[in-house]
Amino acid sequence: MEVYEDDGPWMWVAFATNCRLIVTFIIGPRKQYVADELVKLTADCLSETIPVYVTDGLDFYKVALLNQYGIRIEYPKTGKRGRPKNPEVVPPEDLKYAQVVKKRKVGKLQKVVRKVIFGEDIEQKEISTNLIERQNLTFRQDNNRVSRKTIGFSKVVKELVNQMKLYCTHFNFCREHGGLKYKDERDVECKNTPAKECGIIDSKWTLRDLLTFKCFKTSVI
């Protein structure tokens, strides 16, 4: 379990593994309030069905999920002597959460532990962070602003956020993904974009489509 904080800029990413969609991201310090914001933004993008959440061993995620989905239980007074039992926040029955904890010694991986934190009936094959770790590598390969130990890294957080918004949107809507293969009506193998795979759009966007798309705010009432 990891709980240590860090004031440096970290990139927090919510990633839908089934369709390779970058759901949302935040650039911020390694603090509890940033984990809370990431989970809230992720929940706002989802349907009413709570997905299976899988993270690394950072304990901020557990607290953030309870802050977002938890149910507060108040215990009635018993009339007996002593202090009454304090209220507590418990996870709902449909919240499923697991962690992949990697134990290292002198920088070398020694053991990988898969732990179910909330919920039941989570298959072991679902408890994996391989795809998001591979996506983090893709970020660094494609984007010099987040590459470590280079002269191209971003020095202003605001500009990094703006650049990552463009990158992630292009990745979701325009870029074909090698893990999303299918055969069209002509039996020709094609690749889907993440946004098309999850049904957000009907066809792959071009860069022109992305840059000329007009956004409209609509009422939800």
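Helix 1 passes helix 2 in a right-handed crossing, meaning the near helix is turned clockwise from the far one by less than a right angle. This is a predicted model, where local features need pLDDT of at least 70 and side-chain atom pairs count only at pLDDT 80 or more, while totals for chains, interfaces and linings use all residues. Residues are numbered from 1 along each chain as its sequence is written, and side-chain values use heavy atoms, with hydrogens and water left out.

Two packed helices are described by the angle between their axes and the distance between the axes. Here the angle is about 50 degrees and the axes of helix 1 and helix 2 are 8 Å apart.

| Helix | Residues | Contact residues |
|---|---|---|
| Helix 1 | 32-45 | Gln-32, Ala-35, Asp-36, Leu-38, Val-39, Lys-40, Ala-43 |
| Helix 2 | 60-69 | Phe-60, Tyr-61, Val-63, Ala-64, Leu-65, Asn-67, Gln-68, Tyr-69 |

Let's zoom in on Val-63, found in helix 2. Setting aside residues up to four places away in sequence, Val-63 touches Gln-32 and Asp-36. Its C-alpha atom is separated by 9.9 Å from that of Tyr-33, 30 residues apart along the chain. Val-63 has a relative accessible area of 32%, so it's partly exposed (between the 20% limit for buried and the 50% limit for exposed, with a 1.4 Å probe and protein chains only).

Zooming back out, the chain has six helices and nine strands, and 34% of its 221 residues are buried.

Technical notes:
Axes fitted to C-alpha atoms, helices over the stretch in contact; angles between N-to-C directions. Helix = DSSP H or I, 4+ residues; strand = E, 2+ residues; numbered from the N terminus. Contact = heavy atoms within 4.5 Å.
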